[in-house]
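Please look over the structure below. The report then takes up selected residues, helix packing and aromatic rings.

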Amino acid sequence: MSELIHYKFAGDKSKPCLLIVHGLFGSLDNWQSLAKKWSENFYVISIDVRNHGRSFHSDDMRFSSCAMDIKSVLKNESIEKCHLLGHSMGGKIAMEFASLFPDSLISLIIVDVAPYKYPPHHADVFVMIKGTNLAAYTNRNDIENAIRSYIHEEGVVQFMMKNIRRNEQSMKFEWKFNWQVLYRDYLEIIQYMPQKGFAGKTIFIGGEQSKYITKETSLHIFDLYPKAELEFISNAGHWVHADNPDEIYHKVNQFIDNK
């Protein structure tokens, strides 16, 4: 078997599986509060996508490979079918998984992203990453101030701070994600479109204040996902799970319970 990505699990394995895929620059930690709550009703698996979190770094960032990583986790856990939830980039990985392995899904839950070729919009993040030599810093406060000199949205600053660790050998600071590969493949990541849709139970959940799911970007949802529902979370931007966790918690539960 090929190398497994890093993942965590919680809950009773006799219950249906809910597998959660985070977004670009993120990690499974972003969803842990909700994962813990959902574990009361599901066997919850949270993954670190390759080149993110504690998963292995690879020169291959193709979404087909990311989908195979999920398939390998399910096989390792002896799970035939799951509810698959993906946020942002994770939503696009979930779309790819659905197109390749539809028989492995009970339902598909896509959070604040659409089957749409998004224009580049992370330039400031990449400028910050390339301009911040983490290994030169000795404490996290100085790194945070350096990041803040590039990025003025406090939520993004704190999000990026969660992606810093000390190298186990040198003990110098480094990014958890493989930014060189993410930068190289960035256009492919944000402009991915699934080759096939999914005919099964599907919901797209957008943030009411986000621009990721709009009239323009949602044009292909019902063509590719004929059974799709479209819902929005109030008082939430792109990070729906952070802005209004209670509402998305109940929305997902209601969707899964609705036979």
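This is a predicted model: local features need pLDDT of at least 70, side-chain atom pairs count only at pLDDT 80 or more; totals for chains, interfaces and linings use all residues.

Lys-36 has a relative accessible area of 65%. Lys-36 belongs to helix H1, which covers residues 32-38. In sequence, Lys-36 and Phe-9 are 27 residues apart. In space, their C-alpha atoms are 9.4 Å apart.

Glu-3 is also placed in the exposed class, at 53% relative accessibility. Glu-3 sits in the segment before strand S1 (7-10). Its C-alpha atom is 8.0 Å from that of Phe-56. Along the chain, Glu-3 and Phe-56 are 53 residues apart.

Ser-88 is not a glycine, yet its phi is positive, about 55°. The residue lies in the loop between strand S4 (82-87) and helix H3 (89-100). Is Ser-88 buried or exposed? Its relative accessible area is 11%, so Ser-88 is buried.

Asn-235 is not a glycine either, and its phi is positive at about 50°. Its loop runs between strand S9 (228-233) and helix H10 (240-243). Asn-235 has 52% relative accessibility and therefore counts as exposed.

## Helix H2 against helix H3

Helix H2 spans residues 63-76. The axes of H2 and H3 come within 8 Å and cross at roughly 75°. Angles of 65 to 115 degrees count as roughly perpendicular, so H2 is roughly perpendicular to H3.

H2 brings Phe-63, Ser-64, Cys-66, Ala-67, Ile-70, Lys-71 and Leu-74 to the contact. H3 brings Met-89, Lys-92, Ile-93, Glu-96, Phe-97 and Leu-100. By class, the residues of this H2 and H3 contact are nine nonpolar, one polar and three charged.

## Helix H5 against helix H6

H5 covers residues 140-150, and H6 covers residues 154-161. Their axes are 10 Å apart, at an angle of about 135°. Over 145 degrees would count as roughly antiparallel; H5 is therefore oblique to H6. The crossing of H5 past H6 is right-handed.

Which residues of H5 and H6 meet? On H5 they are Arg-140, Ile-143, Glu-144, Ile-147 and Arg-148. On H6 they are Glu-154, Val-157, Gln-158, Met-160 and Met-161. This contact of H5 with H6 has five nonpolar residues, one polar and four charged.

## Aromatic pairs and a cluster

How many aromatic pairs does the structure hold? There are 14. One of them joins Tyr-118 and Tyr-212, with ring centres 5.2 Å apart. The ring planes meet at 40°, so this pair is tilted. Tyr-118 and Tyr-212 link distant parts of the chain, 94 residues apart. Tyr-118 is in the loop between strand S5 (105-111) and helix H4 (123-131). Tyr-212 is in the loop between strand S8 (202-207) and helix H9 (221-224).

Buried means under 20% relative accessible area. Tyr-118, at 6%, is therefore buried. Tyr-212, at 14%, also counts as buried. One aromatic cluster is formed by Phe-25, Phe-126, Trp-175, Phe-177, Tyr-183 and Tyr-186.

Conventions: Residues are numbered from 1 along each chain as its sequence is written. Side-chain values use heavy atoms; hydrogens and water are left out. Axes are lines fitted to C-alpha atoms, for helices over the stretch in contact, and angles run from 0 to 180 degrees between N-to-C directions. Helices (H or I, at least four residues) and strands (E, at least two) are DSSP runs, numbered from the N terminus. Angles under 35 degrees count as roughly parallel, over 145 as roughly antiparallel, 65 to 115 as roughly perpendicular and the rest as oblique. A crossing is left-handed if the near helix is turned anticlockwise from the far one by less than a right angle, and right-handed if clockwise. Contact means heavy atoms within 4.5 Å. Ala, Val, Leu, Ile, Met, Phe, Trp, Tyr, Cys and Pro count as nonpolar, Asp, Glu, Lys and Arg as charged, and the others, Gly among them, as polar. Rings of Phe, Tyr and Trp (its six-membered ring) pair if their centres lie within 6.5 Å; planes under 30 degrees apart count as stacked, over 60 as edge-to-face and the rest as tilted. Buried means under 20% relative accessible area, exposed over 50%, partly exposed in between (1.4 Å probe, protein chains only).
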